[in-house]
Amino acid sequence: MNKLAEFAVVMKGITKQFPGVVALDGVTLRVRRGEVHAICGENGAGKSTLMKILSGVHRPDAGELEIAGQTVQFHSTRDAENAGVAIIHQELELVEELTVAANVFLGREPRTRFGLLNDAIARRKTGELLDLLEASISPVEMTGGLRVGDQQLVEIAKALSLHASIIVMDEPTSALTDAEAERLERTISTLRQQGCTILYISHKMDEVFRLADRITILRDGCHVCTVDKEGTTASEVTGWMVGREITEHSFRRQQATGTCLLEVENLCVAPQDSRQSGQLDNVSFRVHAGEVLGIAGLMGAGRTEVLEAIFGSSPSQCQGRILLEGEAVSFTHPSDACNAGLVMVPEDRKRLGIFANLNVTENISICSLFHAIRNGLLSKRIEEDIVADPIHQIGIKAPSLTANISELSGGNQQKCIISRWLLTKPRVLLLDDPTRGIDVGAKAELYELIETLCQNGLAVILTSSELPELLKLADRIIVMAEGRVTAEFSRDDADEKKIMAAATLA
Ligand SMILES: Nc1ncnc2c1ncn2[C@@H]1O[C@H](COP(=O)(O)OP(=O)(O)OP(=O)(O)O)[C@@H](O)[C@H]1O
Ligand SMILES: [Mg+2]
């Protein structure tokens, strides 16, 4: 490789079409050697597609790619890896049935002198990488049993194990809590000191402004501009992203006075195996009509477990009392919960959210299809009418209503899942990190939607890996650590410092 090249990556006039969409339209991007280059844009702007071309997943319809001054053509991700390019995908692509170490070294398994697999080396090296990320994950754990945030750390370890000189990170922190994201930021600083070039996609402006040297903005598949971080501001960047002003909505809802819709008393979930500590330990709280209850906590604190236990989707046995509108309930299957007016938008959209083989309309209508049955037959026209409203309301961007859901950008997939549950007209809505991977504009829309739902008397329980989001939306916040509730704050009392102290048991 030409060590003197100023640019580690040059992408010239890149065009990529998918059936019905121009994902990229003549995009040119120059990334300097050793810089952290952020790529910003709304959901569907073309960020992931551009990075998939750089990492050999997709081939461009037109345009050229240069790595360190040399023109290259990648036919596979292996070609890109050989040229020193590694990618951490937005939608995690780990093999759930394999251990963490096996995933990190998939296809590149260390071997002994005799050509046999050398698991010990794979385990040791994986352990070292996970230590670097300060992750408490064992290399021999099954990947499928890990939470999304931990899977994201494994994906990061995998990219690091390639010793690539160019690392693409496609929303690496979307499922990480603030503390984990900070560790990743330290790792990025170290990588940069070692001379790595990093391309970084994120919807979190504070992160972009802490990390990046330069920022490229894409809109609707086109390159808008590339700017030095020092010469711009977050609001300028979001302005370029959306091409319009985003009005900051103020959330000054009145203190909830509605009836208690959901009451949870002494919820306990026993650990799945004897080595783990208890997953949930006597969790109690109430949520009222018109109220947003936030649940804060670090990864593994039990936030998702609480929601799953209520929704009936917990893999483990639950104990305790759950009262829905005053009546004791115990759901063993999410469909029972849904029929009773309680629904959950899960954090792990790839595994639990989308039906990858169904189209956009079907993914949204699937829980409300009975409304579209006429004379015993499913009316496609009524089905399309049913989904038209939420698609419009949340602003889902899809090439067509019959496009396969996996053709949508990550953020738009998430919006489809939220629409699906809203169509069931729930009384209680459980949102597990619902804005993961959603752009600023769509976030503002979702916030407004939550506000409207509350005004209509819904009760919402919300978890978020972003504290500012909880502080903005929640009327009350409970904090969890090690499966227990360690603090409760009203909106006016809560601040980041107090919440972090309760979350870390400081
Ligand atoms: N495999 C595919 N088949 C068809 N269309 C696709 C495919 N992948 C992406 N697209 C389309 O290309 C456009 C750009 O998508 P892309 O995933 O690059 O967006 P993005 O900027 O990464 O968005 P997000 O912030 O939501 O992740 C979108 O309109 C999307 O629907
Ligand atoms: Mg993307």
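Modeller: Start with a term. Two strands count as paired if DSSP finds at least two bridges between them. This model is predicted, so local features need pLDDT of at least 70.

Biologist: What makes β13 and β20 a pair?

Modeller: Four bridges join strand β13 (residues 292-296) to strand β20 (residues 459-463), in the parallel sense. The cut-off is at least two bridges. The two strands therefore count as paired. At residue level, Gly294 has Leu462 of β20 opposite.

Biologist: Which sheet holds β13?

Modeller: An open one of six strands, ordered β16-β19-β20-β13-β21-β22. Its pairing is mixed. β16 (342-345) and β22 (484-490) are the edge strands, each pairing on one side only. On average, neighbouring strands are turned by 20° against each other, direction ignored.

Biologist: Which strands of this sheet does α17 touch?

Modeller: Helix α17 (residues 496-503) packs on the sheet and touches β13, β21 (476-481) and β22. The directions of α17 and β21 make about 30°.

Biologist: What is the strand order in the open sheet of four strands?

Modeller: The order is β12-β11-β14-β15, with antiparallel pairing.

Biologist: Why are β12 and β15 placed at the edges?

Modeller: β12 (280-288) and β15 (327-329) each have a single partner strand, so one side of each lacks a neighbour in the sheet. From one strand to the next, the twist averages 15°.

Biologist: How do you know that β14 and β15 pair?

Modeller: Three bridges link strand β14 (residues 318-324) to β15, in the antiparallel sense. At least two are needed. The pair therefore qualifies. Within it, Ile322 has Val329 of β15 as its bridge partner.

Biologist: What makes α9 largely enclosed by the rest of the structure?

Modeller: Nine of the nine residues of helix α9 (residues 303-311) are buried, so the helix is largely enclosed. The cut-off for burial is 20 or more other C-beta atoms within 10 Å.

Biologist: Where does α9 lie?

Modeller: Across β11 (260-269), β12 and β14, at about 110° to β11. Just after α9, Gly312 takes a positive phi of about 85°.

Biologist: What makes β1 and β2 a pair?

Modeller: Eight bridges between strand β1 (residues 7-18) and β2, running antiparallel. Val9 stands opposite Val31 in β2. The two strands form a hairpin with two residues between them. In its turn, Gly20 has a positive phi of about 85°.

Biologist: Which residues other than glycine have a positive phi?

Modeller: Glu171 is one of them, at about 50°. Asp433 is another, with phi near 50°. Glu171 sits in the loop between β7 (166-170) and α6 (178-193). Asp433 sits in the loop between β19 (428-432) and α15.

Biologist: How do you know whether Leu160 is buried or exposed?

Modeller: Leu160 has 21 other C-beta atoms within 10 Å, so Leu160 is buried. Leu160 belongs to helix α5 (residues 148-161). Its C-alpha atom is 18 Å from that of Ala175, 15 residues apart along the chain.

Biologist: How many residues surround ligand 1?

Modeller: 21, the closest being Phe18, Asn43, Ser48, Ser409 and Gly411. They divide into six nonpolar, 12 polar and three charged. β2 (21-32), α1 (47-54) and α14 (410-422) each supply at least two residues of the shell.

Biologist: Which domains does the shell around ligand 1 draw at least three residues from?

Modeller: Domain 1 (7-242) and domain 3 (354-424). The chain also has domain 2, in two stretches (249-341 + 426-506).

Biologist: How many residues does the contact take from domain 2 and from domain 3?

Modeller: 10 residues from domain 2 and 10 residues from domain 3. The centres of these two domains, over C-alpha atoms, are 26 Å apart. On the domain 2 side, helix α15 (residues 440-455) gives the most, with three residues. That side divides into six nonpolar, one polar and three charged residues.

Technical notes:
Residues numbered from 1 in each chain as written. Chains lettered and ligands numbered in written order. Predicted model: local features only at pLDDT ≥ 70, side-chain atom pairs only at ≥ 80, totals over all residues. Buried ≥ 20, exposed ≤ 12 C-beta atoms within 10 Å, placed from the backbone. Near = placed C-beta within 6 Å. Nonpolar A, V, L, I, M, F, W, Y, C, P; charged D, E, K, R; others polar. Domains from an automatic or database assignment. Axes fitted to C-alpha atoms, helices over the stretch in contact; angles between N-to-C directions. Contact = placed C-beta atoms within 7 Å.
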